[in-house]
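Please open the model in your viewer and keep the selection panel at hand. The stops below say what to select next and what is there.

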Amino acid sequence: GYMDVIALHQAGFETAVAPLGTALTEAQIELMWRIAPEPVLCFDGDAAGQRAAFRAAERVLPLLKPGHSLGFATLPSGADPDSLIRDGGRGAIAEVLARARPLGGVVWEMETAGRAADTPERRAHIRKRLMDRAYGIADRSVQHYYLEDFQARLDAAYRRQRPRGGGRKARRAGPSGLRP
């Protein structure tokens, strides 16, 4: 916490802040949005860091509004901002921040990573979880775009390949290849 923020400030990241051991709160999110409309949260590269990122994503979803979101940066395993700056200089942390993932990608990962999607029922369950997350967004405009984004990701991830040259006629053909 403290040492990381001090190191970040000394490296020129003057708007760096830390929750200092507490979970990120809604009030802290609103304060960050006063500084930057899309601040980047930086998490450790271990399982605890991933859980913390997922909790932050869950906390921010209902608060989203047009032009305001969060980015998610993940540190290399075993590193913290202070050690990363000491070992690699300002450029090392700048690279981590430049690779920050958007909130939608973090929510997608949160709901799909490690979940089997090999049956229609399992894919439907993943879809339901994603759509429930989107419906939790209070702002209807942002909600609409999250619904679209998640549906597009689902379509891309789970769409089956259609047979080549098969168009509508081939799908309607019966077992002998004759159309009804």
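Predicted model: local features only at pLDDT ≥ 70, side-chain atom pairs only at ≥ 80, totals over all residues.

Residues are numbered from 1 along each chain as its sequence is written, and side-chain values use heavy atoms, with hydrogens and water left out.

Now colour Ile126, Leu130, Met131 and Ala134, which are buried (under 20% relative accessible area) in helix 6. They cover an arc, taken from the directions from the helix axis to the C-beta atoms, of only 130 degrees, and therefore lie on the same side of helix 6. The buried residues of helix 6 pack against helix 5 (103–112) and helix 7 (140–158), contact meaning heavy atoms within 4.5 Å.

Next, select Leu41, Leu64, Phe72, Leu103, Val107 and Tyr146, the residues with the most contacts inside the largest nonpolar core, which has 31 residues. Such a core is a set of buried Ala, Val, Leu, Ile, Met, Phe, Trp, Tyr and Cys residues joined through side-chain atoms within 4.5 Å. A second, separate core of 13 residues includes Ala73, Leu75, Leu84 and Ile93.

Finally, go to Asp4, which touches Asp80, Pro81 and Asp82, residues up to four places away in sequence not being counted.

Technical notes
Buried < 20%, exposed > 50% of the residue type's maximum accessible area, 1.4 Å probe, protein only. Helix = DSSP H or I, 4+ residues; strand = E, 2+ residues; numbered from the N terminus.
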